[in-house]
Amino acid sequence: MVYRFAGPMNPSDSTSAPAAIQPDGHDGYRPDLVEAKWQARWAERHTNEPDLDGAARPFYNLMMFPYPSAEGLHVGNMFAFTGSDVFGRFQRLRGFDVFEPIGYDAFGIHSENYAIKLGINPAELIPRNIANFRRQLTRVGGMFDWRHELSTTEPSYYKWTQWLFLQLFKAGKAYKKKAAVNWCPNDKTVLANEQVLNGHCERCGAAVEQRFLEQWFFRITDYAERLLDNLDDKSKMDWSDTTTTAQRNWIGRSEGAELTFEVDWDPDDTITVFTTRPDTVFGATFLVLAPEHPLVEQLTTSDQRHAVEAYRKAAAAKDLVSRKVGEKEKSGVFTGTYAINPASEERIPVWIADYVLMDYGTGAIMAVPAHDERDFEFATKYGLGIERVIAAPGDDAGAPLAQAYVETTGATLVNSGEFDGMAPDKAKRAITDWLAKQGLATVRVQYRLYDWCISRQRYWGPPIPIIYCDDCGPVPVPEKDLPVILPAIDDFRPDDTGISPLARHEEWYFVPCPTCRKRARRETDVSDTFLDSAWYYLRYPSSELDDRPFDRARTAKWCPVSTYIGGNEHAVLHLLYSRFLAMVLQELGHVAFEEPFRKFRAHGLIVKDGAKMSKSKGNVVIPDEYIDRWGADSFRMYLMFLGPFQEGGDFRDAGINGIRRFLDKVWHLVGQSLAEGERGGEVLRPVLAKWHRTKKKVTDDVESLGYNTAIAAMMEMLNTIRESSCCEHELVEEFVVMLAPFAPHFAEECWERLGHGTSVFDARWPGYDPALLVDDTAEVAVQVGGKTRGRVTVARNAAEAVVVEAARAEPRIAKFLDGKSVQKVVYVPNRLLNLVVG
RNA sequence: GCGAGCGUGGCGGAAUUGGUAGACGCGCAGGACUUAGGAUCCUGUGGAGCAAUCCGUGGGGGUUCGAGUCCCUCCGUUCGCACCA
């Protein structure tokens, strides 16, 4: 590139700058033609199909795959995909071999419910939805490698989902146990927790019940510590803080102790509780067990039996969600039995109450009403003892409590025997050690995380590949017999039994036992959709292979995923399950890494009228009409310009034409550059500096997903170019390259007009010269007493004295200094001068 | 209730992380070119004021030469989690 340095521009000359670029308005940019042309070319030329086996610089650019709804791809999906695609194209221009696959997460209860409503089998419905999504995804111009498109509902995919289940089963990581599910008696179906609103079915409003069914679980809790520790390992995971924080909270590690309480009528019978506050054990005035606790039966005395039975029954009838989030009013009943507090040796009553959950800790607690809000509320309601054992600095040991005192900092123990005066944090350990010596305590780490229930008593999912034989027990389906095909049946609607519809189909249900060949029965539950999506990134690179789930060499080349972009609504479940599976697969020797996503960034959510887009709210915006009117490139760029990509925002269409105008102007600039030929070659020094600053800013911003400001910087640059009537050929070319991630078809067409026979994505991202980033003069703001009073233009890095003199010479500034003396001078070179006056 | 985030013109949003608040775009106003313009091109556009100037980043207080940015406090709002012992 040849630049002529014309020195600093004289501002007074700028008034004469002519509008060198005349619009013609008619033979201009036609997005419909340009986009169709390039989409066809990309397909013909295999532009977006990297050599998966031989790529020199592989970059796996993954976006969360969509659920192919009947309404079609909406603006929220397009926002997310475009943001990811911009990044992929940027990396391509930086010389990486980018693999950007796409697929469909099409199993699950949403599809099934919709199919039930229409009375059409989802197996018929889903392909139509997918065809529509494929059409839309092509239109929006993503650089998808269509050779590797997949759907989780294809037998060629779910064969391997089932294979995955078998690997976990064989490794002892899958097991079956009875667990509660939400049951809607009206829809006769199992509901997910999020489908229960205030104890009622989301769809029909019927009160939801609790049922106990045998379910398959994966032992994710075995990995709690690793899942937690890796979050802090930057060499394995570069994730946004909001996401790692959410995972940390979900895993919910807490340190404490298990304490043993003897039952007063028989020291051999004991109740074990988990507590994070062993320091308060002297204040434990009663015990509470979960109603389902197995010891309740033997602890209940005959005169309390009736009340206890009634309470347990009532608790069981409540559905899971209202038990957890419904009425907060505490309730419970006395079992009639007493236990001995191991510290105070007091005799304390044993109660049951549904505020204690069976699936956390040991299902039993020691209640310390003085220092726990829930226990305080319960003790107050039932007139149980409240014994203070922690005192704040000024408090008297005997002072009564109006509410639970839960602070620990600065406080000390009281009424706790030899531990009086100790700080709670120290006492936790001291008391645990003291009780441990008597065999009554063990240190314990507890997690909030629970095992992953993968059973769904539904139709639309991959059948769990297990066969039950009366003689052999549960037998895994031999791998050679996979996939267990989900049969095409008409009556896929769930019924009152709580058993999957598949059980009604004898020809499918009964099979010979793989081991002894006797008649046996298939597992009729299907697996959770989160299992489908927990490994799809492994399948993409190997999707054409039908003899293995993922090829070892391909996986080693492309995984872990380089950059993964998706919604924060999956911050916990999807991302945690994927991490868990990767750890298991690594242990079993199938993959070489334990963290599947090297870099993860959450995009923001596009809402409409303040609400998430959903069909039920009737606020779904479909991109097609906007693409028809403005073109995919304008719409892509508009979505990226709306606001920060990682924050999202409210969708409105005001302003798309601003982007379209910008592209029109670039179109004309390209034409102008061609018409001017070599004569367009003069770039004034200030324009040149601005250009290099722009290249730096756009590079940095795109790198950090700051798309809105990157676009703003390009707009600013275009304004500068037009003001200075510059259309130097190479500058225009570089400008087109920088625009390409945002407006790929447009950039291709401009690139071709500029005389290139190859794709713009085979060009290189422009570099910048750090030496040219700055002008040789600087405008320094001048403050008097902290208020900005004017500005002076001085040489770059001018000495303080020079700037002060220049400031004093400026009448608008000088008048604020009249009759005052300068007490202090604060000078920030090239930025600001503050004259502090007396 | 707990946790995380956010609050800036008529609107979407910028602000090198303590240094010229409002970049860029929309909208709006005036003008140019037009048979016409919902096209295009100039110019202007935080509020008040004729002006000098003053006031302005949810409210109040503080630190600092200097605060949208840091600290305290209150209000509003969004998103998670939800009796986790």
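## Close-up views of backbone features in a predicted model

**View 1. Pro 560 lies in the loop between α16 (552–558) and β27 (561–567).** Helices and strands, numbered from the N terminus, are DSSP runs, with helices being H or I of at least four residues and strands being E of at least two. The peptide bond that joins Cys 559 to Pro 560 is cis, and its omega is about -5°. The model is predicted, so that local features need pLDDT of at least 70 and side-chain atom pairs count only at pLDDT 80 or more, while totals for chains, interfaces and linings use all residues. Residues are numbered from 1 along each chain as its sequence is written.

**View 2. A cis peptide bond leads from Leu 482 to Pro 483, with omega near 0°.** Pro 483 belongs to the loop that runs between β23 (473–476) and α13 (506–509). As background to both of these views, most peptide bonds are trans, and most residues other than glycine have a negative phi.

**View 3. Arg 517 has a positive phi, near 70°, although this residue is not glycine.** Arg 517 is located in the loop between β24 (510–512) and β25 (519–522). With a relative accessibility of 57%, Arg 517 counts as exposed, a term that means over 50% relative accessible area, whereas buried means under 20% and partly exposed lies in between (1.4 Å probe, protein chains only).

**View 4. Ser 725, which is not a glycine, has a positive phi of about 50°.** The loop that holds Ser 725 lies between α22 (707–723) and α23 (729–739). Because its relative accessible area is 30%, Ser 725 is partly exposed.

Technical notes
Chains are lettered from A and ligands numbered from 1 in the order in which they are written. Side-chain values use heavy atoms; hydrogens and water are left out.
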